[in-house]
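Here is a short report on one protein chain. It covers the fold, the core, the charged pairs and the surface.

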Amino acid sequence: MARLLLLSEGFNGRTYELKVDKTTVGRVSDNAFEIPEASVSSHHAEILLRGNDIVIRDLGSTNGTFINGEKITEAVLKPGQTLKFGTVELRLDTGDAPPTGANQASPGGTAYRQKQMLDQTRIIPQGVKLDELQGMGGPPNLGNTTGFEKKSNRGSKIFLILVIVVGALLVSALFWVLLKSQ
């Protein structure tokens with residue numbers, strides 16, 4: 001049975017078996033195959049089983065659907081090819097045994113080309129760790145600050161003083177009016 005192997009970091013080792021004629025793929029839970037990742041659209045693509053072919057149809061996703069690095073709208077996915085929804089990378093595995101024969105390991109053989117393609121598969125990281133940044137020599141020096149220090153209340157103090165002064169002026173004006181009216 002055909003299945004998709006997720007290759008991207010955070011999803012590594014996760015698989016999805018293609019059992020039905022139409023599988024919807026997307027970020028939200030109403031999809032048959034949910035991939036909770038920001039680069040995947042809420043309703044990203046459809047996977048259609050048509051005889052022995054597995055057809056991938058993009059549903060107008062924001063970050064696109066790619067097979068072996070080429071952007072597609074609709075295309076047939078072959079075993080061993082890399083499929084990409086946004087930044088999430090997957091590979092189609094049919095569970096078929098590799099073909100036997102004298103030429104399978106030779107540079108012109110199919111198995112050799114498939115092995116080369118699999119060797120080129122790379123894992124897409126979900127971000128950059130601070131210690132991986134080049135030229136920084138480690139995390140930036142923030143001195144003795146943590147970023148959570150109390151900020152100056154100078155503006156609040158000025159506002160409070162103005163409110164008190166205006167209030168005092170209004171109270172004294174009110175007393176003056178009351179005294180004049182008597």
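Arg-3 counts as partly exposed, at 30% relative accessibility. The model is predicted. Arg-3 forms a salt bridge with Asp-93, and the closest N and O atoms are 3.2 Å apart. Asp-93 sits in strand E11 and Arg-3 in strand E1, so the bridge ties together parts that are 90 residues apart in sequence. Asp-93 also counts as partly exposed, with 22% relative accessibility.

## Overall fold

The chain has two helices and eleven strands. Their order from the N terminus is β-β-β-β-β-β-β-β-β-β-β-α-α. The chain has 182 residues, and 27% of them count as buried. Take the contacts with a separation of 6 or more: 38% of them join residues 24 or more positions apart.

The accessible surface comes to about 12,800 Å². Carbon and sulfur atoms account for 57% of that surface.

## The nonpolar core

In soluble globular proteins, nonpolar side chains tend to be buried together. Here the largest nonpolar core has 22 residues. Which of them touch the most other members? They are Leu-4, Ile-56 and Phe-85. Strands E1 (3-6), E5 (45-50), E6 (53-58), E10 (82-85) and E11 (88-93) each give two or more residues to this core. E11 provides the largest share, three residues.

Leu-4 reaches well along the sequence. Leaving aside neighbours within four places, its contacts include Tyr-16, Phe-33, Ile-47, Leu-77, Leu-83 and Leu-92. Arg-14 and Arg-91 are also among them.

## One aromatic pair

A pair of aromatic rings is described by the distance of the centres and the angle of the planes. The count for this model is one aromatic pair. The partners are Tyr-16 and Phe-33, with ring centres 4.4 Å apart and planes at 10°, so the pair is stacked. Tyr-16 lies in strand E2 (residues 15-17) and Phe-33 in strand E4 (residues 33-34), so the pair ties together parts 17 residues apart in sequence. Phe-33 is buried, with a relative accessible area of 1%. Both partners are in contact with Leu-4.

## The salt-bridge network

Side chains of opposite charge can pair when their charged atoms come close. The structure holds five salt bridges. A network of these bridges links Lys-22, Glu-46, Arg-50, Arg-57 and Glu-74.

Glu-46 and Lys-22 meet at 3.2 Å, N to O. The pair links distant parts of the chain: Glu-46 is in strand E5 and Lys-22 in strand E3 (residues 22-26), 24 residues apart. Is Glu-46 buried or exposed? Glu-46 is buried, with a relative accessible area of 9%. Lys-22 is partly exposed, at 49%. Glu-74 bridges to Arg-50, with the closest N and O atoms 3.4 Å apart. Glu-74 belongs to strand E9 (residues 74-77) and Arg-50 to strand E5, again a link between distant parts, 24 residues apart. Glu-74 counts as partly exposed at 42% relative accessibility. Arg-50 is partly exposed too, with a relative accessible area of 41%.

## Surface and loop details

Val-171, Leu-174, Phe-175 and Leu-178 make a nonpolar surface patch of about 400 Å². Leu-174 is found in helix H2 (residues 154-181). Leu-174 is exposed, because its relative accessible area of 53% is over the 50% cut-off.

Asn-68 lies in the loop between strand E7 (65-67) and strand E8 (70-72). Its phi is near 50°, a positive value in a residue other than glycine. Asn-68 is partly exposed, with a relative accessible area of 37%.

Key
Residues numbered from 1 in each chain as written. Predicted model: local features only at pLDDT ≥ 70, side-chain atom pairs only at ≥ 80, totals over all residues. Heavy atoms only, no water. Patch = residues over 30% accessible without salt bridge, like charges linked within 9 Å, V, L, I, M, F, W, Y side chains within 5 Å. Areas by Shrake-Rupley, 256 points an atom, 1.4 Å probe, with all protein chains shown as cover. Salt bridge = Lys/Arg side-chain N within 4 Å of Asp/Glu carboxyl O. Helix = DSSP H or I, 4+ residues; strand = E, 2+ residues; numbered from the N terminus. Buried < 20%, exposed > 50% of the residue type's maximum accessible area, 1.4 Å probe, protein only. Core = buried A, V, L, I, M, F, W, Y, C linked by side-chain atoms within 4.5 Å. Contact = heavy atoms within 4.5 Å. Phe/Tyr/Trp six-rings, centres within 6.5 Å; stacked < 30°, edge-to-face > 60°.
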